Amino acid sequence: MATESRVVAGAARPTGRRGAELLRVEGLKTYFFTEEGVVQAVDGVDFILRRGETLGIVGESGSGKSVTSLSIMRLVSPPGRIVEGKIIFDGINLLDLDPEEMRKIRGDRIAMIFQQPTTALNPVFRVGDQIIETLEIHQGLKGEEAQKRCIELLSMVGLPDPQRRMRQYPHELSGGQCQRVMIAMALACNPELLIADEPTTALDVTIQAQILDLMRELREKIETAIMLITHDMGVIAEMADSVVVMYAGQVVEYADVQSLFTDPKHPYTRGLLNSMPVLGDEREELEVIPGTVPSLINPPKGCRFASRCSKRFEKCDQPPPMIELGANRRVRCWLYED
Amino acid sequence: MTTPVVQPADDTLLEVRNLKKYFPIKGGFLRRTIAEVRAVDDVSFTVKRGETLGLVGESGCGKTTTGRTVLRLERATAGEVIFEGQDVMRASGRTMKALRRDMQIIFQDPYASLDPRITIGESVAEGLVIHGIGTPAERRERVREVLAKVGLSASHMTRFPHEFSGGQRQRIGIARALIMEPKLIVCDEPVSALDVSIQSQVLNLLRSLQREFGLTYLFIAHNLAVVEHISDRVGVMYLGKVVELTTSAELFREPLHPYTKALISAIPHPNPMAKRERIVLQGDVPSPINPPSGCRFHPRCWIAKSICKEQEPAFEEKRKGHWVACHFAGQF
């Protein structure tokens, strides 16, 4: 059904050329120093995100996709630590900034929405006041001006009756409504980059469809680049322009969304796509990836997927490099070595 | 073994008739019942021997409560559950204990459903101990056999739940059910907590066990793709009611209820080139405390007319084996 057209609040920030590089992650390593040992949660991750682009980051539990996003926001807390790498955002290495400078970027130029909208909001403050706080801190708006902008934002994300809703507390809203409030808050300052970490995983499928629709609509209007983290290949197919596939702390494949689905290269990506039940297919048996993800305390010396891979050969005992297959196509697998 | 009181005439294993489960909401000074949550409200279906009946729906639709009430883990408010000709709701304690051997359950959360302080061997044997089956040596042998069937080894018997991954724990959960040689297993979201690559391992395991032991499943899940894959027939639930019930192939090919159609169209398809009709339902699922009048789906339905607000549609067989509760079934 058609969603009613909504007014986009505020003018977009001068964002520069669509397609220009916005974020470059280089050799990122984030480790957790636990009593059991050093967990190499993110171990040498590289990717580029361009302005106006939606980059999907897909992987299963423990692949390091969420830790990657927390590293970009510099929200990794002990025993975790970023041990190596660069995170270049619009020419600035975020890892060189002091906490005060980082705080100015966070919530203003880079915003984030989380999986559990009901726990990401503070339960003891009205949702309107939580949005207004962001507007006061980052945009210096006061009083009526801030109120007006808050109502604009809430109607932009399709929350019915925003004047009344902004005076309510998070527990009075449903999960889908809370996620709309989170999106309104994230977009309050017209961020150049929106990091969405499993934004619809906690929602029912009909509500997920509403939120994905909203994100698509806003993306067109505000031209925010989106880094979308999810485990759901269906959500990736619907939303992403290009895709990073992560496994056990590493990027194993990078491709534009069409190539990834029509011609997946890495055996893990293939296995993942073939192991999903899809509506309307009549397979009796699903393809299976045997075994489980290796421990990241002592990860295998060679390819981290080798123990579960049907294509394994001698070379896989050595760590595979990222192999370029084209301008926008990379895969970490010895099968593609010339 | 239990002797059925009435031998069922056909191949029906389980019959659920007009099942209702209301949860009271207590309030006020005297803790009186001030309202009811109508979690399951007049649900009927049958499950044939050897088939998998899927129940699918969003949070709060009553699918889990239906499964639990069928097993008498919850007392039904009204209605009947007939298992092999025996009335489960009115069975005596002794009959019920015997019935429980034949009706097992697998839970969603493989972390919370195993006792962390007992070994896997003890955990899997628990049902045999409760029912006084076999000597300790015989029980150990049975545990070894069942663990092998679910893809674990005898060396796992002395280990504790925390030493296992989510997928392995779900295999242990399946072993616990399987060791009783049940006829029916209620699978309550058995793969929702698992990663995709592990999910397919467990789904394939459930299928092969069904073939080997002639098991019957009542498979409850929110993921329509998973339910369609594993089930022979599927019932779609919305706000405590089954709104549509048919074979899984027909449900996907030709849904007749607008809610089913919307549910199918809302599932993101893992193919960026797939062109399909998108129906995005507005609003949230209403509260089961005060469900909407008439058809419960009417406030979110795009083909609703005035009759839908006033009159509850009957659950009727619109085509052979295709049941639906809608005044305008298929008219979209």
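## Annotated domains

The UniProt record, an unreviewed entry, places the feature "domain: ABC transporter" at residues 23-273 of chain A. A record of that kind also puts the feature "domain: ABC transporter" (unreviewed entry) at residues 14-264 of chain B. UniProt positions are given in the numbering used here, feature names are shortened, and annotations may be inferred rather than shown by experiment. This is a predicted model, in which local features need pLDDT of at least 70, side-chain atom pairs count only at pLDDT 80 or more, and totals for chains, interfaces and linings use all residues. Residues are numbered from 1 along each chain as its sequence is written, while chains are lettered from A and ligands numbered from 1 in the order in which they are written.

Residues 23-273 of chain A are 40% helix and 28% strand, with end C-alpha atoms 28 Å apart. Helices (H or I, at least four residues) and strands (E, at least two) are DSSP runs, numbered from the N terminus. In chain B, residues 14-264 are 37% helix and 29% strand, and the end C-alpha atoms of this span lie 28 Å apart.

## Chain A overall

Chain A contains 11 helices and 12 strands. Its radius of gyration is 21 Å, close to the 20 Å given by the globule rule for 338 residues, so chain A is as compact as a globular protein of that length. The radius is taken over C-alpha atoms, and the rule is 2.2 Å times the number of residues to the power 0.38. The C-alpha trace of chain A spans about 70 × 50 × 40 Å along its principal axes.

Of the 338 residues in chain A, 48% are buried (20 or more other C-beta atoms within 10 Å of the residue's own, with C-beta atoms placed from the backbone). Among contacts in chain A with a separation of 6 or more, 67% are between residues 24 or more positions apart; a contact requires C-beta atoms, placed from the backbone, within 7 Å.

## A four-stranded sheet in chain A

Chain A has an open sheet of 4 strands in the order S2-S1-S4-S5, with antiparallel pairing. Strands S2 (37-50) and S5 (92-93) of chain A are at the edges, each with a single partner strand, so one side of each has no neighbour in the sheet. Pairing requires at least two bridges found by DSSP.

Strand S4 (residues 80-89) of chain A runs antiparallel to S5(A), joined by 2 bridges. Ile88(A) is opposite Asn93(A) in S5(A). Helix H1 (residues 65-72) of chain A packs on the sheet and touches strand S1 (21-34), S2 and S4 of chain A, its direction making about 70° with that of S2(A). Axes are lines fitted to C-alpha atoms, for helices over the stretch in contact, and angles run from 0 to 180 degrees between N-to-C directions.

## Contact between the chains

Chain A contributes 38 residues to the contact and chain B 35 residues. On the side of chain A that touches chain B, helices H8 (205-222), H9 (233-239), H10 (257-262) and H11 (267-275) of chain A each supply at least two residues. H8(A) gives the most, with 7 residues.

## Chain B

Chain B has 10 helices and 12 strands. For 332 residues a compact globule would have a radius of gyration near 20 Å, and the 21 Å of chain B agrees. Buried residues account for 46% of the 332 residues of chain B.

Strands S11 (residues 316-319) and S12 (residues 322-324) of chain B pair in the antiparallel sense over 3 bridges. Glu316(B) has Val324(B) in S12(B) as its bridge partner. The hairpin of S11(B) and S12(B) has 2 residues between the strands, and Gly321(B) takes a positive phi near 70° there.

How values were computed:
Contact = placed C-beta atoms within 7 Å. Buried ≥ 20, exposed ≤ 12 C-beta atoms within 10 Å, placed from the backbone.
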